[in-house]
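Biologist: Could you take me through one part of this protein slowly, as if I were new to structures? I would like a close look at the loop region and the charged pairs around it.

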Amino acid sequence: MQRPVMIKNSFARNLWQHRAHVLMCLPAFFIILIFNYIPMSGLVLAFKKLDYAKSIFESDWCGLNNFRYLFLSGTTFWRITRNTLIYFAVFTIVGIGGSVALAIMIDQLAGNRMAKTFQSIMVVPIFVSFVAVTYIVYAFLSTDMGVANRVITFFGGKPVRWYLEPDHWWVILTIVKIWNSVGYGSILYYSVLTGVDGALYEAASIDGATKWQQVRKISIPMLVPTITIMLLLNVGNIMHSDTGLFYQVTKNAGSLYETTQVLDSFVLNAITRSSDFGTVAAATFYQSIVGLVMLLFANGLVRKIEPDNALL
């Protein structure tokens, strides 16, 4: 009968012994609680027909009607799901590949005075707000005064109406995303490479290995565990996209929805332009469930192939 008391006292004693660490963790704990856990109660709206005369919890249940409306909303739902998945795959593959390549390049330049300067320059774009990026992109793509059209007309081509032709935006958004995130993403991989014993490279060089062989046989294998963890973390957000990129940079132009509208921008539009919050809640619930399933599936797959690299 005394065991629970001993455990409780032991827990309290551990908290007191590590009170400095607990105090440092409290801000992060409250942020996660307020912005991640408490809002989960709103997911009940996905199964209710909202009545403005009542509260969310007092509104009538409607079963899966909100999900049926979402899934059967013509081509819109499948289009935004397709766009979300395609952009996720492209951003993940090109983003991680670019970050790894940049980290290896900076590592190979270690000792060069320009290496740190180059790294600092590459990190700057992540601190540029997408509101500012919107104007930068518009300066390039403006139909009349844009840099891109000026170059095209200089070589005898016809100006392109970028904000009315959706086919070009697969490439445009990919370029903007890579410009914005690759430099910052390379910091993590570069930090891993700085921890690699330099004797490995020296031994490989003595054995006659070229720089490319050193990268392929030493640098990349050392990065594999980190790359795997980052992939697993990204898979959990497979149905989420950067709202600033897809909503602001595209100016939320309806003519571009065919290739630029994703689930997050769809949700934002639904919140600001309609009152069907049940369908919006169903969309966000769908995002979360798919992300959780994909994370567990990918983690299980990695655990079977290489248990040491698994996240969970």
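This is a predicted model: local features need pLDDT of at least 70, side-chain atom pairs count only at pLDDT 80 or more; totals for chains, interfaces and linings use all residues.

Modeller: Happy to! Lysine 251 counts as partly exposed because its relative accessibility is 40%. You will find lysine 251 in the loop that runs between helix H11 (243–249) and helix H12 (257–260). Its backbone deserves a look too: the phi of lysine 251 is near 60°, a positive value in a residue other than glycine. Here is some background for that remark. Most residues other than glycine have a negative phi.

Now move to asparagine 252, which also lies in the loop between H11 and H12. The phi of asparagine 252 is positive as well, near 50°, and again this is a residue other than glycine. Asparagine 252 has a relative accessibility of 12%, so it counts as buried; the cut-off for buried is under 20%.

Side chains of opposite charge can pair when their charged atoms come close. In this model the count comes to three salt bridges.

One of them involves H12 itself. The side chains of arginine 82 and glutamate 258 meet in a salt bridge, with 3.5 Å from N to O. This pair links distant parts of the chain, since arginine 82 sits in helix H4 (residues 75–108) and glutamate 258 in helix H12, 176 residues apart. Arginine 82 is partly exposed, with a relative accessible area of 34%, and glutamate 258 is partly exposed at 39%.

Another salt bridge joins the side chains of aspartate 242 and lysine 177, at 3.7 Å from N to O. Aspartate 242 belongs to the loop between helix H10 (211–235) and H11, while lysine 177 is in helix H8 (residues 169–194), so the pair ties together parts that are 65 residues apart in sequence.

To finish the set, look at aspartate 60 and lysine 54, whose side chains meet in a salt bridge at 3.8 Å, N to O. Aspartate 60 counts as partly exposed because its relative accessibility is 49%; the class called exposed begins over 50%. Lysine 54 is partly exposed too, with a relative accessible area of 36%.

Key:
Residues are numbered from 1 along each chain as its sequence is written. Side-chain values use heavy atoms; hydrogens and water are left out. Helices (H or I, at least four residues) and strands (E, at least two) are DSSP runs, numbered from the N terminus. Buried means under 20% relative accessible area, exposed over 50%, partly exposed in between (1.4 Å probe, protein chains only). A salt bridge is a side-chain nitrogen of Lys or Arg within 4 Å of a carboxyl oxygen of Asp or Glu.
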